[in-house]
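I opened the model to look up strand pairing. My notes follow.

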Amino acid sequence: MADFNLIMPKMGESIMEATILRWLKKPGDMIALDETILEIATDKVDSEIPSPVAGRLEKILFEENAVVPVGQTIAVIATEAKAGVAAGNGKPAPPAQNKPTPPTPPTPQVQVSQTTPSPPPQPAAVPYVPGTVSVTPQAIPAVSSGRFYSPLVRNIAASEGIGQSELDQIPGSGQDGRVTKSDILSYVQQRTTHQAPSVAAVTQKTEAAPAATVISAASSDGAIEIIEMDRMRKMIAEHMVRSKHTSPHVTSFVEVDVTDMVLWRESVKDTFQKKYGEKITFTPIFIEAIVKAIRDYPMINISVDGNNILLKKNINIGMAAALPSGNLIVPVIHNADGYNLIGLTKKVNDLALRARSNKLKPEEIQDGTFTLTNVGTFGNVMGTPIINQPQVAIMAAGAIRKKPGVVETPYGDLIAIRHYMFLSMSYDHRVVDGSLGGSFIRKVADYLEAFDARREI
């Protein structure tokens, strides 16, 4: 059979390239079906890539840290039929005879025993310098002190000079106390803060290991600290600049009286949590209104492909979420129009929780058609968000504040304390003009202002 070309997978509609973090197999290694071959990273998420076939890894075409376009061949795998060559002479094995063939013994599986041997003694701790490598991934076993460490965690530990004994002391927030990526990155950040070396120490270490990369330094007078962007921040920066170069941004604003919505949530939040086991926030209510408005104005739910407009039939709402590292990620509620408010609440809470713990699946950050970002979370009253390509619009919800407002009654206008907020929406002026953009954001505001304060849960 012909060789199988392993290609860089497409991890999202707007993702055009990915970085190879680590190869878990080397040329000549046998690979089982669905066995992880390598780890990759995009500006959205880190992922482990399984093999779609069983066979032998023949060739690796890109080294670690290489940035590879989506669809590019990254490795060649000889399928089992081709890999089954008679040992010793390089010639194909003779054809099978017409006689019963004994069953093939199952492939041995690695079992983790309940009692795990203690790890070998670690060498004396080496003073930590950010960005240097003093531990190899092979020195860190997958299981130690009864706890499993993923390849990604072991790779980060090695690259940050964290030995096994130190790794065993890091508190884990994952299942069975496992250390997640966010756990070890938070530890590294704290460790760097408490153990930041002097400029002289960094210089001395750099001279001893010229291949290492120093990610933190200072100006000659010590008045400026120089911090290199991490990989995710670099990719986000490129994504934002590319969006501005791609789309002429226009932003429209509306002020919304959300008093009925606020009073309703305040009155039902305790009952809602007891009944459904979920905290209800304003985000699912915003998403519900956006979905209704997209039904009224479907030309907001589009993307641009050259001179063509792609009208999306599915309404997939992305919700920007802040990570502990300070970076952002946008999980997507696919087919959001198929959920009621209870279903939206559960999806919002689940995606937000798993985003913060770095447990999102690649498909959960793909194929968004419209994005909501809640800048009110940070106390901001409004914002001018940048479009998440290849979408054509993004809406920002500002902080809700009490203000005096004019209320129309059958007895005349009155001044009353009301709850107000600003909605702002940036849109691609190539295909969304002011009429459509302004009408759409006004329609979202209308749905929020018309919220039924007697709505049952």
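I looked up A397 and found it opposite L423 in β23. The model is predicted. I then checked the strand pair itself. β21, residues 393-397, pairs with β23 in the antiparallel sense, over 5 bridges.

Next I went through other partners of β23. Strand β22 spans residues 401-409 and pairs with β23 over 9 bridges, antiparallel. In this pair I noted V407 opposite L414 in β23. How many residues does the hairpin between β22 and β23 pass through? I read off 2 residues.

Then I turned to another sheet. I traced an open sheet of 4 strands with the order β5-β4-β2-β7. Its pairing is antiparallel. Why is one side of β5 and of β7 left without a neighbour in the sheet? Both strands, β5 (46-50) and β7 (67-69), stand at the edges, and each has a single partner strand, so one side stays without a neighbour. I looked up the turn too: neighbouring strands of this sheet are turned by 40° against each other on average, direction ignored.

Within this sheet I checked β4 and β5. Strand β4, residues 36-41, pairs with β5 over 5 bridges in the antiparallel sense. A41 has D46 in β5 as its bridge partner.

Last, I asked which helix lies across β2, β4 and β5. I found α6, residues 231-246. This helix runs at about 170° to β2, residues 17-23.

Notes: Residues numbered from 1 in each chain as written. Predicted model: local features only at pLDDT ≥ 70, side-chain atom pairs only at ≥ 80, totals over all residues. Heavy atoms only, no water. Pairing = 2+ DSSP bridges. Axes fitted to C-alpha atoms, helices over the stretch in contact; angles between N-to-C directions. Contact = heavy atoms within 4.5 Å.
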